[in-house]
Amino acid sequence: MARTHARTDGSTARAADHTLGRLQLVLDAVLVLGSMPLAGQLHTWLRPLIASLHAATHFQHHALLVYAVLPLWLALIALFRVHLAVPERFGQAELLSRLIKLHFTGLAALALVQFLTQSLINRSLVGLFLLCTFSAMYLQRSAFIAWSRYQRARGDTQQRILLVGEPSERMLEFVRAAAARPDSPNFVGYLAAQLEPPPPPSAAHGLTHIGTLAELPRLLQDHPIDHVFFFPPTHQPELLRYELLACEEVGIAASFTVDLTQIAEATPHLTDQFDHAFITFQLAPKPPEALALKHALDTLGAALLLLATFPLWIAIALAIWLSMSRPVLFSQERAGLHGRPFRMLKFRTMRRGAEDAQRELASANEMSGPVFKLRGDPRVTPVGRFLRRTSLDELPQLLNVLTGSMSLVGPRPLPLPEQAAIRGWQRRRLTMKPGLTCLWQVAGRNDIDFTQWMLLDLQYIEQWSLWLDLVLLFKTIPVILFGRGAS
(Lines give C-alpha, C1' and ligand atoms only; values in the text may rest on other atoms or scores of the structure.)
Protein backbone atom coordinates (compact mmCIF):
# COMPACT_ATOMS: atom_id res chain seq x y z
CA MET A 1 0.00 0.00 0.00
CA ALA A 2 1.62 3.15 -1.27
CA ARG A 3 0.67 5.59 1.41
CA THR A 4 1.80 3.71 4.51
CA HIS A 5 5.26 5.18 4.88
CA ALA A 6 4.18 8.59 3.67
CA ARG A 7 1.70 8.63 6.54
CA THR A 8 4.24 7.35 9.03
CA ASP A 9 6.79 9.96 8.01
CA GLY A 10 4.04 12.58 7.97
CA SER A 11 3.07 11.64 11.54
CA THR A 12 6.68 12.20 12.63
CA ALA A 13 6.72 15.57 10.87
CA ARG A 14 3.42 16.57 12.47
CA ALA A 15 4.75 15.57 15.91
CA ALA A 16 7.79 17.80 15.30
CA ASP A 17 5.48 20.64 14.21
CA HIS A 18 3.39 20.27 17.37
CA THR A 19 6.52 20.27 19.54
CA LEU A 20 7.71 23.46 17.84
CA GLY A 21 4.21 24.88 18.29
CA ARG A 22 4.29 24.18 22.04
CA LEU A 23 7.68 25.89 22.31
CA GLN A 24 6.20 28.84 20.42
CA LEU A 25 3.38 29.05 23.00
CA VAL A 26 5.98 29.26 25.79
CA LEU A 27 7.75 32.05 23.91
CA ASP A 28 4.41 33.80 23.36
CA ALA A 29 3.77 33.70 27.12
CA VAL A 30 7.07 35.53 27.60
CA LEU A 31 6.18 38.04 24.87
CA VAL A 32 2.76 38.76 26.39
CA LEU A 33 4.15 39.20 29.92
CA GLY A 34 6.91 41.40 28.55
CA SER A 35 4.40 43.52 26.61
CA MET A 36 2.59 44.54 29.81
CA PRO A 37 5.42 46.56 31.44
CA LEU A 38 6.56 47.76 28.00
CA ALA A 39 3.10 49.21 27.34
CA GLY A 40 3.21 50.94 30.73
CA GLN A 41 6.63 52.42 29.98
CA LEU A 42 5.50 53.63 26.55
CA HIS A 43 2.45 55.24 28.15
CA THR A 44 4.73 57.09 30.60
CA TRP A 45 6.97 58.32 27.76
CA LEU A 46 4.12 59.39 25.49
CA ARG A 47 1.93 61.10 28.09
CA PRO A 48 3.95 64.38 28.16
CA LEU A 49 3.81 64.47 24.34
CA ILE A 50 0.11 63.60 23.89
CA ALA A 51 -2.21 65.69 26.05
CA SER A 52 -5.20 63.40 25.54
CA LEU A 53 -3.51 60.47 27.34
CA HIS A 54 -4.81 60.08 30.88
CA ALA A 55 -2.76 58.86 33.79
CA ALA A 56 -2.58 55.07 34.00
CA THR A 57 -4.20 53.39 37.00
CA HIS A 58 -2.00 51.65 39.52
CA PHE A 59 -1.15 48.04 38.87
CA GLN A 60 -3.23 46.74 41.77
CA HIS A 61 -6.35 48.33 40.25
CA HIS A 62 -6.13 46.22 37.10
CA ALA A 63 -4.18 43.19 38.43
CA LEU A 64 -7.09 40.81 37.80
CA LEU A 65 -7.28 41.94 34.17
CA VAL A 66 -3.53 41.53 33.78
CA TYR A 67 -3.62 37.99 35.17
CA ALA A 68 -6.51 37.14 32.84
CA VAL A 69 -4.55 38.26 29.79
CA LEU A 70 -1.99 35.44 29.68
CA PRO A 71 -4.30 32.38 29.61
CA LEU A 72 -6.72 34.31 27.39
CA TRP A 73 -4.00 35.17 24.87
CA LEU A 74 -2.57 31.65 24.82
CA ALA A 75 -6.05 30.20 24.25
CA LEU A 76 -6.67 32.61 21.36
CA ILE A 77 -3.24 31.89 19.87
CA ALA A 78 -4.09 28.17 19.85
CA LEU A 79 -7.59 28.87 18.50
CA PHE A 80 -6.28 30.83 15.51
CA ARG A 81 -3.27 28.46 15.17
CA VAL A 82 -0.89 31.40 15.24
CA HIS A 83 1.62 29.26 17.15
CA LEU A 84 2.11 27.15 13.99
CA ALA A 85 3.28 30.08 11.87
CA VAL A 86 6.94 28.99 11.94
CA PRO A 87 6.57 25.20 11.29
CA GLU A 88 3.98 25.89 8.57
CA ARG A 89 5.92 28.89 7.21
CA PHE A 90 3.04 31.33 6.84
CA GLY A 91 3.25 33.95 4.13
CA GLN A 92 3.10 37.61 5.19
CA ALA A 93 -0.59 37.96 4.25
CA GLU A 94 -1.58 34.84 6.22
CA LEU A 95 0.48 35.88 9.25
CA LEU A 96 -0.99 39.40 9.31
CA SER A 97 -4.53 38.06 8.84
CA ARG A 98 -4.30 35.66 11.78
CA LEU A 99 -2.64 38.22 14.06
CA ILE A 100 -5.35 40.79 13.27
CA LYS A 101 -8.08 38.24 14.05
CA LEU A 102 -6.28 37.31 17.27
CA HIS A 103 -6.04 40.89 18.48
CA PHE A 104 -9.57 41.94 17.55
CA THR A 105 -10.95 38.91 19.38
CA GLY A 106 -8.59 39.59 22.27
CA LEU A 107 -9.78 43.19 22.49
CA ALA A 108 -13.40 42.06 22.68
CA ALA A 109 -12.54 39.45 25.33
CA LEU A 110 -10.58 42.02 27.36
CA ALA A 111 -13.54 44.40 27.23
CA LEU A 112 -15.79 41.59 28.51
CA VAL A 113 -13.37 40.73 31.33
CA GLN A 114 -13.13 44.40 32.28
CA PHE A 115 -16.93 44.70 32.31
CA LEU A 116 -17.42 41.55 34.42
CA THR A 117 -14.70 42.42 36.92
CA GLN A 118 -15.41 46.17 36.92
CA SER A 119 -11.64 46.70 36.67
CA LEU A 120 -10.32 50.23 36.18
CA ILE A 121 -7.81 50.43 33.34
CA ASN A 122 -6.77 53.13 30.91
CA ARG A 123 -8.00 52.47 27.34
CA SER A 124 -4.83 53.94 25.86
CA LEU A 125 -2.84 51.50 28.00
CA VAL A 126 -4.86 48.62 26.54
CA GLY A 127 -4.23 49.98 23.04
CA LEU A 128 -0.49 50.19 23.67
CA PHE A 129 -0.49 46.65 25.07
CA LEU A 130 -2.20 45.35 21.91
CA LEU A 131 0.28 47.27 19.76
CA CYS A 132 3.20 45.77 21.68
CA THR A 133 1.94 42.18 21.48
CA PHE A 134 1.06 42.54 17.79
CA SER A 135 4.50 43.98 16.95
CA ALA A 136 6.38 41.47 19.09
CA MET A 137 4.53 38.45 17.65
CA TYR A 138 4.82 39.68 14.08
CA LEU A 139 8.53 40.53 14.29
CA GLN A 140 9.43 37.32 16.16
CA ARG A 141 7.60 35.08 13.71
CA SER A 142 8.83 36.94 10.64
CA ALA A 143 12.42 36.65 11.87
CA PHE A 144 12.08 32.93 12.66
CA ILE A 145 10.42 32.18 9.31
CA ALA A 146 13.10 34.14 7.44
CA TRP A 147 15.86 32.31 9.34
CA SER A 148 14.20 28.96 8.66
CA ARG A 149 14.03 29.75 4.93
CA TYR A 150 17.64 30.88 4.93
CA GLN A 151 18.77 27.64 6.58
CA ARG A 152 16.67 25.65 4.15
CA ALA A 153 18.14 27.52 1.18
CA ARG A 154 21.62 26.60 2.43
CA GLY A 155 20.52 23.00 2.87
CA ASP A 156 21.22 23.01 6.62
CA THR A 157 17.74 21.84 7.65
CA GLN A 158 16.45 20.17 4.49
CA GLN A 159 16.31 16.41 4.86
CA ARG A 160 18.33 14.52 2.23
CA ILE A 161 16.61 11.30 1.15
CA LEU A 162 17.92 8.39 -0.88
CA LEU A 163 15.39 6.10 -2.56
CA VAL A 164 16.03 2.44 -3.36
CA GLY A 165 13.87 0.52 -5.85
CA GLU A 166 12.17 1.18 -9.15
CA PRO A 167 10.43 4.50 -9.95
CA SER A 168 6.99 2.91 -9.76
CA GLU A 169 3.73 4.69 -9.00
CA ARG A 170 4.22 3.83 -5.33
CA MET A 171 7.57 5.61 -5.16
CA LEU A 172 6.37 8.57 -7.21
CA GLU A 173 3.28 9.03 -5.04
CA PHE A 174 5.56 9.17 -1.99
CA VAL A 175 7.76 11.77 -3.70
CA ARG A 176 4.77 13.93 -4.67
CA ALA A 177 3.34 13.79 -1.13
CA ALA A 178 6.70 14.75 0.41
CA ALA A 179 7.26 17.56 -2.10
CA ALA A 180 3.89 19.10 -1.25
CA ARG A 181 4.90 19.79 2.37
CA PRO A 182 6.40 23.14 3.44
CA ASP A 183 9.46 21.24 4.74
CA SER A 184 9.81 19.12 1.59
CA PRO A 185 13.02 17.05 1.51
CA ASN A 186 15.80 16.97 -1.04
CA PHE A 187 15.72 13.71 -3.00
CA VAL A 188 19.32 12.72 -3.72
CA GLY A 189 18.17 10.18 -6.30
CA TYR A 190 17.36 6.49 -6.48
CA LEU A 191 19.28 3.23 -6.65
CA ALA A 192 17.87 0.56 -8.94
CA ALA A 193 17.59 -3.04 -7.82
CA GLN A 194 19.73 -4.33 -10.68
CA LEU A 195 22.02 -3.02 -13.34
CA GLU A 196 19.59 -2.00 -16.06
CA PRO A 197 19.26 0.95 -18.43
CA PRO A 198 17.59 3.73 -16.43
CA PRO A 199 14.11 4.81 -17.51
CA PRO A 200 13.77 8.13 -19.35
CA PRO A 201 13.63 11.20 -17.04
CA SER A 202 9.95 11.70 -17.86
CA ALA A 203 9.11 8.23 -16.51
CA ALA A 204 11.11 8.90 -13.32
CA HIS A 205 9.49 12.34 -12.82
CA GLY A 206 12.82 14.08 -12.39
CA LEU A 207 14.37 11.55 -10.01
CA THR A 208 18.05 10.97 -10.72
CA HIS A 209 19.26 7.41 -11.29
CA ILE A 210 22.57 7.25 -9.39
CA GLY A 211 23.43 3.55 -9.48
CA THR A 212 22.39 0.15 -8.20
CA LEU A 213 21.67 -1.36 -4.81
CA ALA A 214 25.26 -2.70 -4.61
CA GLU A 215 26.53 0.89 -4.37
CA LEU A 216 24.49 1.73 -1.26
CA PRO A 217 27.32 1.23 1.32
CA ARG A 218 29.67 3.50 -0.66
CA LEU A 219 27.05 6.25 -1.05
CA LEU A 220 26.28 6.18 2.67
CA GLN A 221 29.97 6.60 3.45
CA ASP A 222 30.76 9.32 0.89
CA HIS A 223 27.61 11.48 0.71
CA PRO A 224 25.43 13.40 3.22
CA ILE A 225 22.25 11.30 3.46
CA ASP A 226 19.71 11.48 6.29
CA HIS A 227 17.25 8.71 5.45
CA VAL A 228 16.97 5.76 3.07
CA PHE A 229 13.56 4.58 1.82
CA PHE A 230 13.22 1.13 0.23
CA PHE A 231 10.51 0.50 -2.38
CA PRO A 232 9.60 -2.59 -4.48
CA PRO A 233 11.25 -4.77 -5.44
CA THR A 234 13.75 -3.98 -2.64
CA HIS A 235 11.31 -3.65 0.27
CA GLN A 236 11.76 -6.86 2.26
CA PRO A 237 14.16 -6.37 5.21
CA GLU A 238 14.76 -10.11 5.63
CA LEU A 239 16.26 -10.24 2.11
CA LEU A 240 18.38 -7.10 2.51
CA ARG A 241 20.30 -7.85 5.68
CA TYR A 242 23.61 -6.59 4.27
CA GLU A 243 22.09 -3.28 3.10
CA LEU A 244 20.24 -2.79 6.39
CA LEU A 245 23.46 -3.36 8.35
CA ALA A 246 25.18 -0.81 6.08
CA CYS A 247 22.60 1.82 7.12
CA GLU A 248 22.89 0.80 10.76
CA GLU A 249 26.69 1.03 10.67
CA VAL A 250 26.63 4.73 9.79
CA GLY A 251 23.56 5.51 11.91
CA ILE A 252 21.16 6.34 9.09
CA ALA A 253 17.46 5.48 9.37
CA ALA A 254 16.11 2.93 6.88
CA SER A 255 12.39 2.65 6.14
CA PHE A 256 10.75 -0.15 4.15
CA THR A 257 7.39 0.36 2.49
CA VAL A 258 4.83 -2.22 3.59
CA ASP A 259 2.59 -4.17 1.23
CA LEU A 260 -0.90 -3.52 2.55
CA THR A 261 -4.24 -3.43 0.82
CA GLN A 262 -6.17 -0.22 1.36
CA ILE A 263 -9.63 -1.74 1.79
CA ALA A 264 -11.21 1.10 3.77
CA GLU A 265 -10.58 4.54 5.25
CA ALA A 266 -8.85 3.16 8.36
CA THR A 267 -5.30 4.45 8.75
CA PRO A 268 -2.62 1.75 9.07
CA HIS A 269 0.18 2.39 11.54
CA LEU A 270 2.87 0.34 13.24
CA THR A 271 2.08 -0.48 16.87
CA ASP A 272 3.81 -2.36 19.67
CA GLN A 273 1.37 -4.74 21.35
CA PHE A 274 2.70 -6.77 24.28
CA ASP A 275 6.26 -6.65 22.92
CA HIS A 276 5.16 -7.70 19.41
CA ALA A 277 4.97 -5.49 16.31
CA PHE A 278 1.66 -5.20 14.43
CA ILE A 279 0.29 -3.15 11.56
CA THR A 280 -2.90 -1.72 13.04
CA PHE A 281 -5.82 -0.34 11.02
CA GLN A 282 -7.81 2.24 12.95
CA LEU A 283 -10.28 4.98 12.07
CA ALA A 284 -9.38 8.35 13.57
CA PRO A 285 -6.76 7.06 16.05
CA LYS A 286 -6.47 9.08 19.25
CA PRO A 287 -3.12 9.90 20.94
CA PRO A 288 -3.00 7.90 24.21
CA GLU A 289 -1.51 10.85 26.10
CA ALA A 290 -4.41 13.08 25.00
CA LEU A 291 -6.98 10.49 26.12
CA ALA A 292 -5.18 10.20 29.47
CA LEU A 293 -5.38 13.98 29.87
CA LYS A 294 -9.09 13.87 28.94
CA HIS A 295 -9.68 11.29 31.69
CA ALA A 296 -7.78 13.41 34.23
CA LEU A 297 -9.75 16.54 33.28
CA ASP A 298 -13.00 14.55 33.48
CA THR A 299 -12.21 13.46 37.03
CA LEU A 300 -11.17 16.95 38.13
CA GLY A 301 -14.12 18.64 36.40
CA ALA A 302 -16.67 16.18 37.76
CA ALA A 303 -15.33 16.58 41.30
CA LEU A 304 -15.49 20.39 41.10
CA LEU A 305 -18.99 20.36 39.59
CA LEU A 306 -20.14 17.90 42.25
CA LEU A 307 -18.95 20.20 45.03
CA ALA A 308 -20.40 23.30 43.33
CA THR A 309 -23.85 21.73 42.78
CA PHE A 310 -24.17 19.81 46.04
CA PRO A 311 -26.79 22.23 47.49
CA LEU A 312 -28.88 21.61 44.35
CA TRP A 313 -28.68 17.86 44.94
CA ILE A 314 -30.23 18.30 48.37
CA ALA A 315 -33.00 20.57 47.05
CA ILE A 316 -33.80 18.27 44.10
CA ALA A 317 -33.78 15.14 46.26
CA LEU A 318 -36.15 16.79 48.70
CA ALA A 319 -38.49 17.91 45.88
CA ILE A 320 -38.59 14.40 44.39
CA TRP A 321 -39.14 12.75 47.77
CA LEU A 322 -42.04 15.08 48.63
CA SER A 323 -43.71 14.80 45.20
CA MET A 324 -42.97 11.21 44.17
CA SER A 325 -41.70 9.51 47.31
CA ARG A 326 -38.74 7.17 46.99
CA PRO A 327 -36.50 6.33 45.18
CA VAL A 328 -34.87 9.67 44.47
CA LEU A 329 -32.39 8.28 41.95
CA PHE A 330 -33.16 6.28 38.82
CA SER A 331 -30.59 3.85 37.46
CA GLN A 332 -30.64 2.06 34.15
CA GLU A 333 -28.20 -0.14 32.27
CA ARG A 334 -26.67 1.81 29.40
CA ALA A 335 -24.07 0.98 26.74
CA GLY A 336 -20.63 2.40 27.47
CA LEU A 337 -17.28 2.24 25.69
CA HIS A 338 -17.43 -0.42 22.94
CA GLY A 339 -20.77 -1.57 24.38
CA ARG A 340 -19.67 -2.24 27.98
CA PRO A 341 -22.81 -2.17 30.16
CA PHE A 342 -22.87 0.20 33.14
CA ARG A 343 -25.59 1.60 35.39
CA MET A 344 -26.23 5.24 34.55
CA LEU A 345 -27.69 7.43 37.30
CA LYS A 346 -30.29 10.19 36.97
CA PHE A 347 -32.69 11.98 39.28
CA ARG A 348 -36.06 10.27 38.94
CA THR A 349 -38.45 12.21 36.71
CA MET A 350 -41.17 9.61 36.03
CA ARG A 351 -43.86 7.89 38.04
CA ARG A 352 -43.47 4.31 39.19
CA GLY A 353 -43.74 1.62 36.52
CA ALA A 354 -42.69 4.03 33.76
CA GLU A 355 -40.42 1.52 32.02
CA ASP A 356 -43.21 -1.04 31.74
CA ALA A 357 -45.60 1.63 30.41
CA GLN A 358 -43.23 2.50 27.54
CA ARG A 359 -44.52 -0.44 25.50
CA GLU A 360 -48.01 1.09 25.55
CA LEU A 361 -46.62 4.38 24.21
CA ALA A 362 -44.46 2.84 21.46
CA SER A 363 -46.86 3.95 18.70
CA ALA A 364 -46.51 7.60 19.82
CA ASN A 365 -42.70 7.61 19.47
CA GLU A 366 -41.59 10.88 17.82
CA MET A 367 -37.99 9.86 17.11
CA SER A 368 -36.98 7.90 14.02
CA GLY A 369 -34.78 4.84 14.48
CA PRO A 370 -34.69 2.44 17.43
CA VAL A 371 -34.68 5.08 20.17
CA PHE A 372 -37.75 6.32 22.06
CA LYS A 373 -38.45 10.05 22.52
CA LEU A 374 -41.83 11.62 23.25
CA ARG A 375 -42.64 15.25 23.98
CA GLY A 376 -45.18 15.65 26.72
CA ASP A 377 -44.56 12.09 27.92
CA PRO A 378 -47.46 11.33 30.32
CA ARG A 379 -45.15 9.31 32.56
CA VAL A 380 -43.15 12.43 33.51
CA THR A 381 -44.23 14.21 36.70
CA PRO A 382 -44.43 18.03 37.01
CA VAL A 383 -41.21 18.11 39.04
CA GLY A 384 -39.61 15.73 36.55
CA ARG A 385 -40.64 17.94 33.65
CA PHE A 386 -38.84 20.89 35.23
CA LEU A 387 -35.74 18.78 35.90
CA ARG A 388 -35.67 17.56 32.30
CA ARG A 389 -36.17 21.02 30.82
CA THR A 390 -33.24 22.36 32.88
CA SER A 391 -31.17 19.14 32.50
CA LEU A 392 -30.82 19.00 36.29
CA ASP A 393 -31.91 15.35 36.18
CA GLU A 394 -28.50 14.58 34.62
CA LEU A 395 -26.47 15.78 37.64
CA PRO A 396 -26.00 12.29 39.19
CA GLN A 397 -24.09 11.29 36.06
CA LEU A 398 -21.19 13.22 37.56
CA LEU A 399 -20.80 10.12 39.75
CA ASN A 400 -20.57 8.02 36.58
CA VAL A 401 -17.81 10.34 35.36
CA LEU A 402 -15.94 9.99 38.66
CA THR A 403 -16.10 6.19 38.45
CA GLY A 404 -14.77 6.27 34.89
CA SER A 405 -17.77 4.81 33.03
CA MET A 406 -18.61 8.21 31.47
CA SER A 407 -16.87 11.39 30.36
CA LEU A 408 -17.94 15.03 30.56
CA VAL A 409 -18.08 15.11 26.74
CA GLY A 410 -18.95 12.17 24.51
CA PRO A 411 -21.86 10.51 22.67
CA ARG A 412 -24.91 10.09 24.89
CA PRO A 413 -25.27 6.55 26.30
CA LEU A 414 -28.37 4.65 25.17
CA PRO A 415 -30.30 1.92 27.00
CA LEU A 416 -28.97 -1.54 26.16
CA PRO A 417 -32.02 -2.64 24.09
CA GLU A 418 -31.93 0.55 22.00
CA GLN A 419 -28.17 0.31 21.45
CA ALA A 420 -28.47 -3.39 20.53
CA ALA A 421 -30.87 -2.42 17.72
CA ILE A 422 -28.29 -0.01 16.24
CA ARG A 423 -26.22 -1.90 13.66
CA GLY A 424 -23.50 -1.22 11.13
CA TRP A 425 -21.63 2.09 10.90
CA GLN A 426 -23.82 3.71 13.56
CA ARG A 427 -22.31 1.43 16.21
CA ARG A 428 -19.04 3.31 15.69
CA ARG A 429 -20.40 5.86 18.19
CA LEU A 430 -19.34 3.44 20.93
CA THR A 431 -15.62 3.89 20.14
CA MET A 432 -15.42 6.77 22.61
CA LYS A 433 -16.60 6.87 26.21
CA PRO A 434 -20.17 8.24 26.53
CA GLY A 435 -20.58 11.72 27.96
CA LEU A 436 -22.90 14.25 29.57
CA THR A 437 -22.91 16.42 26.46
CA CYS A 438 -21.83 16.22 22.82
CA LEU A 439 -22.58 17.75 19.42
CA TRP A 440 -26.13 16.33 19.55
CA GLN A 441 -26.94 18.36 22.68
CA VAL A 442 -25.69 21.67 21.33
CA ALA A 443 -27.25 21.07 17.89
CA GLY A 444 -30.80 20.71 19.16
CA ARG A 445 -31.19 17.33 20.91
CA ASN A 446 -34.69 16.03 20.29
CA ASP A 447 -35.26 18.56 17.48
CA ILE A 448 -33.05 16.54 15.09
CA ASP A 449 -33.72 13.10 13.66
CA PHE A 450 -31.98 9.85 14.53
CA THR A 451 -29.69 9.61 11.49
CA GLN A 452 -28.44 13.17 11.94
CA TRP A 453 -27.85 12.38 15.62
CA MET A 454 -25.67 9.40 14.70
CA LEU A 455 -23.75 11.48 12.12
CA LEU A 456 -23.07 14.15 14.74
CA ASP A 457 -21.68 11.50 17.10
CA LEU A 458 -19.34 10.23 14.37
CA GLN A 459 -18.31 13.78 13.52
CA TYR A 460 -17.31 14.30 17.16
CA ILE A 461 -15.31 11.04 17.22
CA GLU A 462 -13.46 11.79 13.98
CA GLN A 463 -12.68 15.41 14.87
CA TRP A 464 -12.09 14.93 18.59
CA SER A 465 -9.60 17.08 20.44
CA LEU A 466 -9.34 18.50 23.95
CA TRP A 467 -10.13 21.92 22.47
CA LEU A 468 -13.35 20.57 20.93
CA ASP A 469 -14.36 19.20 24.35
CA LEU A 470 -13.83 22.63 25.89
CA VAL A 471 -15.86 24.34 23.14
CA LEU A 472 -18.75 21.88 23.57
CA LEU A 473 -18.78 22.36 27.35
CA PHE A 474 -19.12 26.13 26.90
CA LYS A 475 -21.78 25.72 24.20
CA THR A 476 -23.78 23.46 26.51
CA ILE A 477 -24.30 26.26 29.06
CA PRO A 478 -26.85 28.30 27.01
CA VAL A 479 -28.49 25.06 25.87
CA ILE A 480 -29.16 24.17 29.51
CA LEU A 481 -30.17 27.69 30.51
CA PHE A 482 -32.74 28.02 27.70
CA GLY A 483 -33.78 24.34 27.58
CA ARG A 484 -33.19 24.01 23.84
CA GLY A 485 -34.42 20.70 22.46
CA ALA A 486 -35.25 19.31 25.91
CA SER A 487 -38.34 17.17 26.48
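Predicted model: local features only at pLDDT ≥ 70, side-chain atom pairs only at ≥ 80, totals over all residues.
User: OK, in what order do the strands of the open sheet come?
Analyst: The open sheet has 5 strands in the order S3-S2-S1-S4-S5, with parallel pairing; strands here are DSSP runs of E with at least two residues, helices are runs of H or I with at least four, and both are numbered from the N terminus. Two strands count as paired if DSSP finds at least two bridges between them.

User: Which strands are at the edges?
Analyst: Strand S3 (209-212) and strand S5 (253-256) are the edge strands, each pairing on one side only. From one strand to the next the twist averages 25 degrees, where axes are lines fitted to C-alpha atoms, for helices over the stretch in contact, and angles between N-to-C directions run from 0 to 180 degrees.

User: What does S4 pair with?
Analyst: Strand S4 (residues 227-230) is joined to S5 by 4 bridges, and the two run parallel; strand S1 (residues 160-164) is likewise joined to S4 by 4 bridges, again in parallel. His-227 has Ala-253 as its bridge partner in S5, and Ile-161 stands opposite His-227 in S4. Phe-230 has Phe-256 as its bridge partner in S5.

User: Are the S4 side chains buried or exposed?
Analyst: His-227 and Phe-229 point one way from S4, Val-228 and Phe-230 point the other way, and all are buried, meaning under 20% relative accessible area, while exposed is over 50% and partly exposed lies in between (1.4 Å probe, protein chains only). In a regular strand the side chains alternate between the two faces of the sheet.

User: Switching to helix H9, what does its span look like?
Analyst: Helix H9 (residues 288-324) spans only 45 Å between its end C-alpha atoms, whereas a straight helix of 37 residues would span 54 Å at 1.5 Å a residue; the expected span is 1.5 Å times one less than the number of residues.

User: Where does H9 bend?
Analyst: H9 bends by about 55 degrees at Thr-309, and a proline, Pro-311, follows within four residues; the bend at a residue is the angle between axes fitted to the seven residues ending there and the seven starting there. Thr-309 is among the buried residues of H9, which also include Leu-306 and Trp-313.

User: And what comes after H9?
Analyst: Ser-325 follows H9, lying in the loop between H9 and S8, and has a positive phi of about 65 degrees although it is not a glycine. Ser-325 is partly exposed, with a relative accessible area of 35%. In that loop there is also Pro-327, which is joined to Arg-326 by a cis peptide bond with omega about -5 degrees.

User: Where else is there a cis bond?
Analyst: The peptide bond from Pro-232 to Pro-233 is cis, with omega near 5 degrees, and Pro-233 sits in the loop between S4 and helix H8 (241-249). Most residues other than glycine have a negative phi, and most peptide bonds are trans.

User: How do S8 and S9 pair?
Analyst: Strand S8 (residues 329-335) and S9 pair in the antiparallel sense over 7 bridges, with Lys-346 in S9 as the bridge partner of Phe-330. Their hairpin has 5 residues between the strands, and His-338 there takes a positive phi near 55 degrees. Strand S9 (residues 341-347) is mostly covered, as 5 of its 7 residues are buried.

User: Last one: how many cavities are there, and what lines the largest?
Analyst: There is 1 cavity of 30 Å³ or more, and about 30 Å³ of space lies in the largest cavity. Among the residues lining the largest cavity are Ala-335, Gly-336, Arg-412, Arg-429 and Met-432. On a 1 Å grid over the protein atoms alone, a cavity is a set of points where a 1.4 Å probe fits but cannot get out, and lining residues have an atom within 4 Å of a point. Grid points are joined across faces, edges and corners, and the volume is the space filled by probe spheres set on the points.

Notes. Residues numbered from 1 in each chain as written. Heavy atoms only, no water. 1 Å grid on protein atoms, 1.4 Å probe; cavity = no way out; pocket = protein on both sides within 12 Å on 5 of 7 lines; lining within 4 Å.
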